[in-house]
Amino acid sequence: MNALWVAPVMPDYDSARATFSWRRERSRLAGLPDGGINIGYEAVDRHLREGHGERAALRCIARDGSTQTVTFTRLAAESSRFAHVLETLGIERGERVFTLLGRRFELYSTVLGTLRAGRVLCPLFTAFGPEPVALRMELGNARALVTTRELYERKVAPVRSRLPHLRHVLLLDPGADPPPDTLSLPALTSAAPVEYTVGPTDPAEPALLHFTSGTTGTPKGAIHVHEAVLAHHVTAAYALDLHEGDVFWCTADPGWVTGMSYGIVAPLTHGVTTVVDEGDFAPARWYGILADQHVTVWYTAPTALRMLMRAAPRSGDATPATRHDLSALRFVASVGEPLNPEAVHWGREALGLPVHDTWWQTETGAIMIANFAADPVRPGSMGRPLPGIEAAVLACGEDGRALVTGGRVQSLQEPGAQGELALRAGWPSMFRGYLHEPSRYEACFADGWYMTGDLVSRDADGWYWFVGRADDVIKSAGHLIGPFEVESALMEHPAVAEAGVIGRPDPLAGAIVKAFVLPRPEYPPGTSLQREIMAFARRRLGPAVAPREIEFVEDLPHTRSGKVMRRLLKARELGLPEGDVSTLETPEPAGTAGMSGKEP
Ligand code: 6R9
């Protein structure tokens, strides 16, 4: 029997890299009896098998602050019940189960029940409006959806007719007079047995589907397989310093890949206690959770850190760290957008710890580049490739993407040279396809490299510095937003002839969504039309995706092929020269110098 992962005293970077092999790390997993790998099994079953069922798996905090501790035994029982429900409902292996749920216990039992049963899970953002919800469920061929009554009525019922393949809607709280065509999850689970045996699972079987946004077309459905769990597990040890006995808090939304890989999977595989907070961000609430729950390892995002920085008292006042007892906190890491050096320094002062940056993507499934736990942090740098990960900086062509000539790419060796970040294909959590779009997937690879679409440079010591994105995708408060999806929704409004959407730099969120709208001649532009279109977009797209600013324009710049030139719109917005728009991706937001990494 394999012992629980007990991280050795953290090895230094060079020796960890030199001795690392994915094959050897495979022995960290329990593995299924027949040699298969199942994420749910690693997260739940192994702890029971190893006699740790009574350990606290989750500490769930409700909006009102009341807390509930969930043991691995209970998590196993409730996820087993859900697995049986899926079988009873006739949902086949490989079919997709969607969640539209906040951070609460039922999210965990649903996700783990789905994975243990070999069905594929796809989480959605609760902040999405009906349009993004419907589009993703259509593309993903959702067979079942687990949600609350309130979310169902607001976001799914209006679009249900577009989803003929959605056979079952399971409501956590159906109430006395449930909406038509829904089922009661509690009624179904309470009738189901609490034991479930995970069946044979091929390591390459699909497990998770995560939608992410591109510059054009529909959202991309990144497919991840069961053996990804190896990368979730190992990277959490190296990049997040997770050890047995830790209390871990990942603040990410469950609709985002971070909320899955590190909000659910990685900490459970380590057998540590995961804090699950249903509430929204509020500085007092967050400091309170860090202190009261004795959080030891904290994984959050730059926008949240900047909001805490803003809420911090004037210098000379007591710091949050002195007003709240944060002495249990040992490690803090961040992901999703550039981590400004100020946030690293602030961490040292306010939390007593530097913030460790980590870089990865929906497609990579797990952390790839990080300020390695055993190393001193370099403020402004994303860090170095983790053990088992090989990275390169590729020479780019005029379009700002890696140049592929005759199937070959050119890796830049010169320190400080800027190019597209690429990763040697083949790590366990690498996505295995974009749903229904094989050519879009293949276009991400050349010469054995996965090309990330991010521009970076590498210094003489091998540390990576984020420069910007090579495409028009917007990162707002850590979340990717596809400008095309927003433009399409805006154009459904009768007054909108055409729209161009960009990310406008914002000191807090990194970027906010701004739309340039060309109104139809019969609609005079003005504040009331602006407000109406804004409200329309919010209803359809939800607050996380809808534009925060709308500006009416008399014309929109186009490329020769007729596409709106978002880069030019952005250049004009920022008052930059219009000629050279290739380097515009991460201008410094006002008041936060050094948002993008700069060479020291
Ligand atoms: C996990 C996640 C991926 C994109 C990525 C990059 C940006 C992520 C970053 C970062 C600078 C970091 N990004 N981490 N930029 N520094 N530490 O974020 O996945 O939502 O798919 O976004 O986010 O542009 O390509 P995803």
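Three strands make up an open sheet, ordered 24-25-26, with mixed pairing. Strands 24 (496-506) and 26 (549-552) sit at the edges, each pairing on one side only. From one strand to the next, the twist averages 25 degrees. This is a predicted model, where local features need pLDDT of at least 70 and side-chain atom pairs count only at pLDDT 80 or more, while totals for chains, interfaces and linings use all residues. Numbering starts from 1 along each chain as its sequence is written, and side-chain values use heavy atoms, with hydrogens and water left out.

On terms: pairing takes at least two DSSP bridges between two strands; helices (H or I, at least four residues) and strands (E, at least two) are DSSP runs numbered from the N terminus.

Strand 25 (residues 510-519) runs parallel to strand 26, and four bridges join them. V517 stands opposite F552 in strand 26.

Contact means heavy atoms within 4.5 Å; angles run from 0 to 180 degrees between N-to-C directions, using lines fitted to C-alpha atoms, for helices over the stretch in contact.

| Helix | Strands | Angle to strand 24 |
|---|---|---|
| Helix 16 (residues 483-490) | touches strand 24 and strand 25 | about 140 degrees |
| Helix 18 (residues 566-574) | lies across strand 24, strand 25 and strand 26 | about 55 degrees |

Elsewhere, R119 sits in the loop between helix 5 (105-116) and strand 4 (120-123).
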